[in-house]
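Please read this report beside the sequence and the model.

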Amino acid sequence: PEVVLKQAKDEAEAFKAQLVSLLESWEEQGLTRPEDVLILHLRSNLDQSLIGPAVPADDRGNRWLGPYRLRPEGTDGPGLRHCSIHKAKGLDSRAVILIGVKASNSTDLEDHDRYTLFMGASRARQLLAIFHR
């Protein structure tokens, strides 16, 4: 499938709805399962990333993106894996969602932005979605 390129919604709930819609679409089409998805964000800490405000922790410390549990890369169990783009070196996944990067067609991409985009995009084996700023 083609790369999904979308402008990330500013409001947290609208952004969350964008992500859930994409995940449900991929799942309904039989393209991937939640366990095969890796969400990559710009910040080391999920709370500081673009996705952080959209997925507050519940009383057990779990984070949910709609019906999907988020789990840090390197932990076991069902759900969507996540980590920062720069910690993803050596990882790959059937489906990758990049969050918060600058758009690849932006004329003001600096070397660091290009490198970050490449590092994240190259982790995808089959499906790639980019929610740019």
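The sections below take the sheet, then the loop, then the salt bridges.

## Basis

This is a predicted model, in which local features need pLDDT of at least 70 and side-chain atom pairs count only at pLDDT 80 or more, while totals for chains, interfaces and linings use all residues. Residues are numbered from 1 along each chain as its sequence is written, and side-chain values use heavy atoms, with hydrogens and water left out.

## Sheet

An open, mixed sheet is built from seven strands in the order S1-S7-S6-S2-S5-S4-S3. Strands S1 (4–7) and S3 (63–65) are the edges, each pairing on one side only. Strands are DSSP runs of E, at least two residues, and helices are runs of H or I, at least four, numbered from the N terminus; two strands pair if DSSP finds at least two bridges between them.

Strands S2 (residues 37–41) and S5 (residues 80–84) run parallel and are joined by four bridges. Histidine 41 has serine 84 in S5 as its bridge partner.

## Loop between S5 and S6

Leucine 91 sits in the loop between S5 and strand S6 (93–99). Its C-alpha atom is 6.2 Å from that of arginine 123, 32 residues apart along the chain.

## Salt bridges

The structure holds five salt bridges (a side-chain nitrogen of Lys or Arg within 4 Å of a carboxyl oxygen of Asp or Glu). Aspartate 36 meets arginine 33 at 3.2 Å, N to O, and arginine 94 at 3.6 Å, N to O.

Aspartate 92 forms a salt bridge with arginine 125, with closest N and O atoms 3.6 Å apart. This pair links the loop between S5 and S6 to strand S7 (residues 124–132), 33 residues apart.
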